[in-house]
Amino acid sequence: MLSAQFHGLELVIYGSKMTEHGGYTHYQKCKTSLPTTAGYFSQAVLFLSTVLFLQEYIDMFPKDSNYM
């Protein structure tokens, strides 16, 4: 399971996995931020590709799904 949180211009993606004992392990999967100065296009591309991935991930599940 994935979740995302915005903190200002920073986006943090968290993941959760079920352990073999039925509990959950939560971890930070990735952290990216939108640059505020010109010239950091690679960082902007990483940020936008992360947001697009999340959009595709969310669209994989119908709105009436009980998955999330």
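The model is a predicted one, in which local features need pLDDT of at least 70 and side-chain atom pairs count only at pLDDT 80 or more, whereas totals for chains, interfaces and linings use all residues. Residues are numbered from 1 along each chain as its sequence is written, and side-chain values use heavy atoms, with hydrogens and water left out.

**Overall arrangement**

The secondary structure of the protein chain amounts to one helix and three strands, which follow the pattern β-β-β-α when read along the sequence; helices (H or I, at least four residues) and strands (E, at least two) are DSSP runs numbered from the N terminus. The protein chain has 68 residues, of which 18% count as buried, where buried stands for under 20% relative accessible area, exposed for over 50%, and partly exposed for values in between (1.4 Å probe, protein chains only). Among contacts between residues at least 6 apart in sequence, 22% join residues at least 24 apart, a contact being a case of heavy atoms within 4.5 Å.

**The sheet**

The three strands form an open sheet in the order S1-S2-S3, with antiparallel pairing. S1 and strand S3 (24-33) stand at the edges, each with a single partner strand, so one side of each is left without a neighbour in the sheet. From one strand to the next, the twist averages 20°, based on axes that are lines fitted to C-alpha atoms (for helices over the stretch in contact) and on angles that run from 0 to 180 degrees between N-to-C directions.

Strand S1 (residues 2-7) pairs with strand S2 (residues 10-18) in the antiparallel sense over six bridges, two strands being paired if DSSP finds at least two bridges between them. Within this pair, Ser-3 stands opposite Tyr-14 in S2. The hairpin of S1 and S2 has two residues between the strands, and Gly-8 takes a positive phi near 70° there.

S2 and S3 also run antiparallel, joined by nine bridges. Ile-13 stands opposite Cys-30 in S3, and Met-18 has Tyr-24 in S3 as its bridge partner. Five residues lie between the strands in the hairpin of S2 and S3, where Gly-22 adopts a positive phi near 90°. Ser-16, a residue of strand S2, has a side chain joined to that of His-26 by a polar contact of 2.7 Å. Apart from neighbours within four places in sequence, Ser-16 is in contact with Met-1, Thr-25, His-26 and Tyr-27.

Not counting residues up to four places away in sequence, Leu-2 touches Ile-13, Tyr-14, Gly-15, Lys-29, Phe-53 and Tyr-57.

Three further residues are listed below by relative accessibility.

| Residue | Relative accessibility | Class |
|---|---|---|
| Thr-50 | 11% | buried |
| Cys-30 | 27% | partly exposed |
| Leu-48 | 49% | partly exposed |

Thr-50, found in helix H1, is in contact with Leu-11, Ile-13, Cys-30 and Thr-32 once its neighbours within four places in sequence are left aside. Cys-30 belongs to strand S3, and with the neighbours within four places left aside, Cys-30 is in contact with Leu-11, Val-12, Ile-13 and Thr-50. Leu-48 lies in helix H1, and the C-alpha atoms of Leu-48 and Thr-32, which are 16 residues apart along the chain, are separated by 9.4 Å.

Methods
Polar contact = N/O pair within 3.5 Å; in protein donor to acceptor, adjacent residues only side chain to side chain.
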